[in-house]
Amino acid sequence: LMPYLTAGVGLVDYEANINDVTDMFSFDNEDFAVGGVLGGGLETAITDNITLRGEGLLYLIGDDYAFIEPGSGQADGFAVEDLWTARAAINWKF
């Protein structure tokens with residue numbers, strides 16, 4: 001059994017397309033955000049050649065990328081938030 005921690009830099013490329021047919025309002029925005037990544041996990045050997053791994057990662061993006069809400073004319077719509085992910089893997093060593 002091997003526990004581990006990980007850290008790094010994360011990039012998010014996002015695109016927003018908003019169309020409001022009642023107000024004839026349309027908004028397109030594409031941008032990217034940079035933030036940190038923190039996480040950890042466990043890996044265990046099943047056989048000499050096969051291991052199982054599970055990990056969780058937190059992407060620290062922040063929430064300062066607001067979009068215009070349809071019909072409001074103000075930048076108070078939604079934002080890119082921090083993101084949690086969980087992953088599992090089976091590894092085969094050859």
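Which residues form a nonpolar patch on the surface, and what accessible area do they have together? In this predicted model, in which local features need pLDDT of at least 70, side-chain atom pairs count only at pLDDT 80 or more, and totals for chains, interfaces and linings use all residues, the patch consists of Ile-46, Ile-50, Leu-52, Ile-90, Trp-92 and Phe-94, with about 740 Å² of accessible area together. Residues are numbered from 1 along each chain as its sequence is written, and side-chain values use heavy atoms, with hydrogens and water left out.

Patches are made of residues with over 30% relative accessible area and no salt bridge, like charges being joined within 9 Å and nonpolar side chains (Val, Leu, Ile, Met, Phe, Trp, Tyr) within 5 Å; accessible areas come from the Shrake-Rupley method with a 1.4 Å probe, and for residues only the protein chains shown count as cover. At least two residues of the nonpolar patch come from each of strand E3 (50–60) and strand E4 (83–92), strands being DSSP runs of at least two residues, numbered from the N terminus. Ile-46 lies in the loop between strand E2 (25–45) and E3.

With buried meaning under 20% relative accessible area, exposed over 50% and partly exposed in between (1.4 Å probe, protein chains only), Arg-87 is partly exposed at 47%, whereas Glu-55 is buried at 12%.

Glu-43, in strand E2, is buried yet has no salt bridge, and the nearest side chain of opposite charge, Arg-53, is 4.6 Å away. The side chain of Glu-43 instead makes a polar contact with the side chain of Thr-51 at 2.8 Å. Leaving aside neighbours within four places in sequence, Glu-43 is in contact (heavy atoms within 4.5 Å) with residues including Leu-1, Tyr-4, Leu-52 and Asn-91.

Gly-8, found in strand E1 (residues 2–20), counts as partly exposed because its relative accessibility is 37%. With the same exclusion of neighbours within four places in sequence, Gly-8 is in contact with Gly-35, Gly-36 and Val-37; the C-alpha atoms of Gly-8 and Val-37 are 5.0 Å apart, although the two residues are 29 apart in sequence.

Conventions:
A salt bridge is a side-chain nitrogen of Lys or Arg within 4 Å of a carboxyl oxygen of Asp or Glu. Helices (H or I, at least four residues) and strands (E, at least two) are DSSP runs, numbered from the N terminus. Lys and Arg count as positive and Asp and Glu as negative; His and the chain ends are not counted. A polar contact is a pair of N or O atoms within 3.5 Å; within protein, one must be able to donate a hydrogen and the other to accept it, and residues adjacent in sequence count only if both atoms are side-chain atoms.
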